[in-house]
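The sequence and the model come before the entries.

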Amino acid sequence: MIKNSPNSLLTGKPKKARGIARLFCVSIVALFPLPTQALEVTLSARAMHYDSTEFSGGGRRLDRESGWLPGIGARLRLAVYGRGYVALRARYFGGGVAYQGQTQTGIAFDSTTDMRLSRWRVEGGYCWWSCQMTVHAGGALYRRERDIQGHGGVQGLYEDYRWQEWHLGAAFSPNRFARIRFTTEAFYVHDADMMVDLTHYGAGRPVIPLPEALGLRLGLAYTLMRREAASLSLSLDYERLNLNESGARRVSSASGVLLINEPASESRQWQLGLSLSF
């Protein structure tokens with residue numbers, strides 16, 4: 001939210017994600033000396049239904065963004081010590097979603113938001129009961145670029161969100177339905193910040209720290225085809241994350257002092273994926 005700027009939308013340098021970045025480097029280096037039983041590569045075509053709403057401090061809706069984003073994914077999974085594994089995974093989504101919001105003066109404003117989302121993830125896991133049950137844990141680096149398009153005399157707004165995640169989850173395949181796999185996962189967001197581009201107002205690109213948060217993921221996968229060297233699967237994933245309102249920051253601009261903060265938000269994401277593993 002930008003105050004004292006009637007033509008704006010309601011809505012230093014980013015912190016370095018050192019902890020999980022080190023985890024990525026250590027994981028890659030450590031993979032090679034380990035005794036491995038199998039190397040699996042997975043490529044996927046994906047589609048995400050992105051739905052996010054921002055709220056004022058009093059609970060009034062400020063804006064909503066929703067729409068489908070095409071994406072791609074890749075995973076490298078190494079089986080180690082029998083039932084264990086280490087995996088590196090990346091996913092990227094990009095495209096335009098519908099924006100329904102308002103200006104600072106309360107005038108309704110509908111537009112399009114160009115959205116780019118990426119997540120780099122590393123994890124380790126172990127399975128039991130002929131690998132029907134798996135427990136996994138790891139970390140991730142997340143980035144979301146949000147570019148609200150301006151028109152009709154209303155200036156657009158560009159924001160860049162970055163944070164780190166730790167996650168813990170489990171997956172289960174019923175004995176009688178081995179082709180089906182259920183996944184549940186909790187994740188913790190920390191070291192989060194958002195850069196907002198206010199160069200149009202002469203205020204540079206301030207970075208706003210964001211509060212920590214807990215999120216939930218659920219997944220359902222079905223193996224369509226399995227051969228000796230490859231498998232094809234269809235998946236449906238759900239993610240929920242609520243972020244509280246950030247603290248306010250005073251920024252000097254060409255027209256005076258701006259008071260900016262990030263409103264509270266609720267994000268709901270559904271993903272469809274078609275994956276080929278070999």
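The entries below record what I looked up.

**Basis.** I am working from a predicted model, in which local features need pLDDT of at least 70 and side-chain atom pairs count only at pLDDT 80 or more, while totals for chains, interfaces and linings use all residues. Residues are numbered from 1 along each chain as its sequence is written, and side-chain values use heavy atoms, with hydrogens and water left out.

**Confidence.** I looked up pLDDT, the predictor's confidence in each residue on a scale from 0 to 100, and found a mean of 88 for the protein, with 87% of its residues at 70 or more. Over residues 1-16 the pLDDT stays under 50, and for this stretch the model has 67 contacts beyond four places in sequence, a contact being heavy atoms within 4.5 Å.

**Strands around β10.** Strands here are DSSP runs of E with at least two residues, numbered from the N terminus, and I took two strands as paired if DSSP finds at least two bridges between them. Strand β10 (residues 213-226) pairs with strand β8 (residues 180-196) in the antiparallel sense over 10 bridges, and I noted G215 in β10 as the bridge partner of F187. Strand β10 is also joined to strand β11 (residues 231-243) by 11 bridges, again antiparallel, with M225 standing opposite L232 in β11.

**Salt bridges.** Side chains of opposite charge can pair when their charged atoms come close. I counted a salt bridge where a side-chain nitrogen of Lys or Arg lies within 4 Å of a carboxyl oxygen of Asp or Glu, and by this rule the count comes to 20.

- The side chains of E40 and R75 meet at 2.8 Å, N to O. This pair links distant parts of the chain, with E40 in strand β2 (residues 36-55) and R75 in strand β3 (residues 61-80), 35 residues apart. E40 counts as partly exposed because its relative accessibility is 26%, and R75 is partly exposed at 28%.
- R119 forms a salt bridge with E165, with the closest N and O atoms 2.9 Å apart. The two residues are 46 residues apart in the chain, R119 in strand β5 (residues 108-128) and E165 in strand β7 (residues 157-172), and both are buried.
- R217 forms a salt bridge with E185, the closest N and O atoms being 2.6 Å apart. R217 lies in strand β10 and E185 in strand β8, 32 residues apart. R217 counts as buried because its relative accessibility is 11%, and E185 is buried at 4%.

I also recorded a network of salt bridges that links R119, R121, E123, E165, E185, R217 and E239.

**The site of S267.** Is S267 buried or exposed? I found S267 in strand β14 (residues 264-277), and S267 counts as buried because its relative accessible area is 10%. Its side chain makes a polar contact of 3.4 Å with the side chain of Q269, where a polar contact is a pair of N or O atoms within 3.5 Å, one able to donate a hydrogen and the other to accept it within protein, and residues adjacent in sequence count only if both atoms are side-chain atoms. Leaving aside neighbours within four places in sequence, S267 is in contact with D51, S52, E239, R240, L241 and N242.

Notes:
Helix = DSSP H or I, 4+ residues; strand = E, 2+ residues; numbered from the N terminus. Buried < 20%, exposed > 50% of the residue type's maximum accessible area, 1.4 Å probe, protein only.
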